[in-house]
Amino acid sequence: MAFLEVRKLGRDFPGVTALNDVDLDIELGRVHILAGENGAGKSTLVKLLTGAYHPSRGTIRIDGRDPAEDAELFRNIAYVPQELTLFPHMSVAENLFIPFDRSGHGGARFDRRRLEAEAQEYLDRFGIAARPSDLVRTISVSDQQLLQIARASTNKDMKVLILDEPTSSLTRSEVDRVFRVISGFKDGNHAIVFISHKMDEVFAIGDDYTVLRNGEKVEAGRMSETDVGGLIRAMSGKAVDFEETFRPASAPSTQTQGPAILEVRNLTGDRFRDVSFTLKRGEILGFAGLVGAGRSEVMQTIFGFLGAKSGNVSLDGKPWTLGDTSAAVKNGMLYLSEERKHHGIFPLMSVRDNIGLAIYDQTSGPFGISASKEKTRVSDIIAAYDIKTASMNKEIVFLSGGNQQKAIIGRAMARTPRVLIFDEPTKGIDVRTKTEIYRIMKRLAEDGVGIILVSSEMDELRKCASRIIAMHAGEVTGSFDTEATDNETLVGAIFGTEKNHAA
Amino acid sequence: MRRNPLSLLLANPLAGVFAVLVAIFAISALVSPYFLTGYNLSVVARALAFIGLVTIAQSSLLILGELDLSLGVIGGLCGVVAGLLMVNYGLAPVIALPLALLLGAALGFFNGFLVSSLGLHSLVLTIGTAGVYGGINLVLTRGVAITNIPREIQVFGRGDLFGVPVPFVIMLVMLALASYLAAKTPFGRYMYAIGNNPAAARMLGVKVDRIRVLVFTFAGFLSALAGLLMVARLGTAQPSIGETWVLGPIAASVIGGVATTGGVGTPLGAIFGAAIIGIIENIIVLFGVSPYWQGIVSGAIVVLAISFDAVSRRYLRKGGA
């Protein structure tokens with residue numbers, strides 16, 4: 001019998017059935033892939049498995065016993081959420097062992113030295129480069145991600161470890177570190193539940209899989225018996241064409257042709273130096289690089305969110321005011337941040353307010369905002385971008401990540417931008433929604449919008465961008481024509497091994 | 001889902017505080033025969049007018065995610081400046097009063113400007129400016145009230161309009177203005193957006209700094225208005241005006257559903273909160289509670305009121321959700 005066994009599990013929310021009739025078997029010593037599109041019910045299932053929600057119907061058995069009768073059983077299940085939930089101003093060691101009683105560090109007196117000595121063992125095992133006494137805010141994002149996994153494992157009762165997109169902000173080599181840790185757990189007679197939208201990772205690490213769609217289990221089995229196409233078909237209900245590309249037909253064929261819409265000259269900021277490039281009307285210009293290469297900082301500086309040290313930008317040949325986001329928006333530039341939570345949504349506000357905020361010029365009359373106009377516009381946008389929500393008055397935090405992203409994109413599109421900067425637009429987004437976002441970008445470019453796409457996924461850049469600019473450690477290391485450049489050259493530029501100005 | 005009118009009413013975020021207000025009003029009417037008299041109600045309404053204006057100001061700032069602890073002091077300083085202008089410099093009220101209002105707006109602007117341009121924490125900054133503004137008040141008056149305020153302005157403090165105290169009417173007009181701004185104009189909606197997530201608001205192209213400064217300015221103006229009405233009510237410009245306008249409006253806002261973390265609540269809810277506190281204070285006086293005990297009793301009832309509201313909200317969320 002499986003260690004964790006779920007039968008006919010269901011959970012209702014007012015007006016929606018989030019999960020229905022789900023079966024799941026998690027066996028020790030194996031990695032179980034939990035797959036599904038955004039909003040398929042993965043988060044709800046995880047919350048039921050960790051005891052955060054109570055089931056509306058069905059049963060959960062942990063080690064053959066019912067956690068509804070003995071909540072202590074939930075201690076066997078550890079969950080590492082996608083977002084970082086560390087305490088930035090506390091030390092690595094403290095973060096590792098919080099909550100202290102669970103990790104055997106409870107009691108009246110707090111022994112910092114013992115805590116840090118013990119922490120070192122975990123840091124070694126997980127390959128975390130930081131020292132136990134370092135403050136978490138000073139260590140790298142990948143170390144933080146690993147620290148979060150390590151923290152879950154300091155729970156002495158942990159048997160099942162649920163990892164929700166643990167690799168979404170990691171580079172290839174850091175992903176390998178996470179995978180080594182996961183393999184270590186397999187030997188230790190633990191079970192891993194792995195949630196990811198990255199197909200290569202899922203097939204590299206998974207033993208078993210369960211696919212959810214619209215809150216129901218649609219398929220389960222051994223990874224060896226399926227393939228990428230099969231898994232995606234199960235998740236989306238239809239086949240996805242992997243070979244489809246989304247490079248706009250309107251893109252100027254070479255770098256020297258086509259009208260420039262945005263010109264950046266020698267721009268220097270806090271985390272980048274001497275960046276110059278030209279964006280042309282109707283093209284999608286890709287920006288490749290590692291996390292921390294300075295791409296987001298460049299974009300946020302052009303947009304006016306961060307201050308520039310030197311350099312200049314012109315739009316349609318006219319000089320551009322740096323440092324003023326409202327001027328940028330007024331001139332038709334929009335920036336969609338990778339940090340949806342921090343820079344995108346207004347969490348306590350409804351979907352209607354979140355979208356409505358951007359379109360008051362369309363909904364206000366002489367007596368203020370017209371509620372009926374706003375409702376009509378917002379419901380048009382919800383329909384046009386297929387945003388799944390029970391009602392426009394629902395708070396946006398209750399929507400899945402993909403639907404939040406679609407709301408933000410829909411809100412931006414409603415302002416008919418001329419230059420649009422997408423920063424990691426498909427982070428944490430499922431395969432089919434990704435394709436929808438690519439199509440939107442392509443259509444906009446063909447309508448004459450200039451688009452910048454910042455992405456860490458080489459595949460995404462190759463599919464969408466006609467030109468790719470590579471950055472490494474705050475400097476531009478190359479500019480490439482996508483068609484004429486192979487992956488090795490691009491990867492070389494990303495790692496800064498060669499200065500290259502091909503094509 | 002079809003919902004009946006009652007559940008719609010309960011779903012309104014103001015339902016909890018409104019229920020508490022009605023309950024406290026009803027209890028007061030039952031336990032004291034003097035509560036429902038015209039005279040007593042007008043006393044309550046008049047008192048609510050002054051604290052209410054500051055509450056509108058403070059709740060607007062809280063929605064924006066800011067706080068101004070100098071609002072009461074601004075009211076006091078503008079009151080004595082108006083008094084000085086009229087009494088010592090012989091300026092006509094039509095000139096002196098607008099000047100004092102302008103001063104209030106300027107002091108609020110100064111707070112907002114420092115918060116925006118230097119990125120200061122408004123709580124800490126306004127502890128400082130409250131000290132400065134209060135100090136100017138004492139330097140100007142040496143702690144002595146200014147008497148002989150022209151009689152013609154007393155109508156603003158003591159007069160009635162169709163039986164309703166004039167300052168209360170003025171407060172209602174300001175409440176209507178603030179509510180309209182908050183609910184129906186882009187400016188007001190951006191206030192909520194900034195209170196919710198200032199970085200995201202900037203990313204949207206909202207002029208965050210400008211809105212911040214304007215709300216601080218508006219708050220300073222409302223506090224000055226409260227101070228002037230108080231001078232008109234008392235007939236003297238007391239340096240101590242506004243001393244008690246610091247914590248009350250914050251408590252009223254929170255009781256009325258305004259989150260101290262920003263982005264949530266309405267000025268109307270905050271006024272309901274102020275009315276709850278006002279009625280409690282009134283009933284304590286009607287019962288002849290010893291002044292030494294008044295603080296304990298009114299404080300305890302405030303704690304009860306917000307606890308009741310929190311519990312009922314949790315219950316509604318579970319039942320309704």
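Which strands of chain A does helix H1 (residues 42-49) lie across? The structure is a predicted model, in which local features need pLDDT of at least 70 and side-chain atom pairs count only at pLDDT 80 or more, while totals for chains, interfaces and linings use all residues. Residues are numbered from 1 along each chain as its sequence is written, and chains are lettered from A, with ligands numbered from 1, in the order in which they are written.

Helix H1 of chain A lies across E1, E2 and E4 of chain A, and runs at about 65° to E2(A). Helices (H or I, at least four residues) and strands (E, at least two) are DSSP runs numbered from the N terminus; axes are lines fitted to C-alpha atoms, for helices over the stretch in contact, and angles run from 0 to 180 degrees between N-to-C directions.

The three strands form an open sheet in the order E2-E1-E4, with antiparallel pairing; two strands pair if DSSP finds at least two bridges between them. Strands E2 (16-26) and E4 (57-62) of chain A each have a single partner strand, so one side of each has no neighbour in the sheet. Neighbouring strands are turned by 20° against each other on average, direction ignored. Seven bridges join E1 (residues 4-13) of chain A to E2(A) in the antiparallel sense, and A:Asp12 has A:Thr17 in E2(A) as its bridge partner.

Turning to the two chains, 25 residues of chain A and 21 residues of chain B take part in the contact, defined by C-beta atoms, placed from the backbone, within 7 Å. On the chain B side, helices H8 (166-184), H9 (186-196) and H10 (198-203) each give two or more residues, and H9(B) supplies the largest share, five residues.
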